[in-house]
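This briefing concerns the structure shown below. Please keep the sequence and the model in view while reading the points that follow.

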Amino acid sequence: MIIRKERESDFEAITNVTKLAFATLALSPHTEEFIIKALRDAGVLTISLVAESEDKIIGHIAFSPVTISDGSDGWYGLGPISVLPEMHRKGIGKALMHEGLSILKEMGAKGVVLVGDPNYYQRFGFRNIPELTFEGVPQEYFMALPLGKYSAHGAVEFHEGFNATA
């Protein structure tokens, strides 16, 4: 398996992986593939990596900038992250996560936020930071990972592409 930046020729495969990855998740609005396209079309898909095995896309991760009400810059939203269901528990998501976070650190990013399952994301150092909030989501599912000694506080807003429904 290799982790690499997305190419235009990967767009359809990324859409398919994302659809399949979220198809059975009851809590998903099933709009994740539209979010990726909207972020890409808006030019804010800062990092978009694929996991490839035997010339097949088996996973994807995306990062895009967020705004924080205190004016902190250099923070990014993670999501979505997708792995083909038949490839779960093989370290693909973990590899995508580590590579994405490594690139963000090299870029000088100050932190990453996400909405997700604490049981999964805590293993990467994400935690609930009460000073950071995201309206409409229970606080325990909104987590952050400062990169270095950076901190921020306030309401977080993801790019409007996260509202995409088609």
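The largest pocket of this predicted model holds about 1,600 Å³ of space. Its lining is made up of 46 residues. The points below describe that lining and then turn to a set of paired strands.

**The largest pocket**

- Phe22, Leu25, Val115, Gly116 and Tyr121 are the lining residues that lie nearest the centre of the largest pocket.
- By residue class, the lining of the largest pocket comprises 26 nonpolar, 13 polar and seven charged residues.

**Strand β2 and its partners**

- Strand β2 covers residues 47-53, and because six of its seven residues are buried, β2 is largely enclosed by the rest of the structure.
- Strand β1 (residues 2-5) runs antiparallel to β2, and four bridges join the two.
- Within this pairing, Arg4 has Val50 of β2 as its bridge partner.
- Strand β3 (residues 56-68) also pairs with β2 in the antiparallel sense, over seven bridges.
- Leu49 stands opposite Ile61 of β3.

**The hairpin of β2 and β3**

- Two residues lie between the strands of this hairpin.

Definitions and conventions:
Residues numbered from 1 in each chain as written. Predicted model: local features only at pLDDT ≥ 70, side-chain atom pairs only at ≥ 80, totals over all residues. Heavy atoms only, no water. Buried < 20%, exposed > 50% of the residue type's maximum accessible area, 1.4 Å probe, protein only. Pairing = 2+ DSSP bridges. 1 Å grid on protein atoms, 1.4 Å probe; cavity = no way out; pocket = protein on both sides within 12 Å on 5 of 7 lines; lining within 4 Å. Points joined across faces, edges and corners; volume = space filled by probe spheres on them. Nonpolar A, V, L, I, M, F, W, Y, C, P; charged D, E, K, R; others polar.
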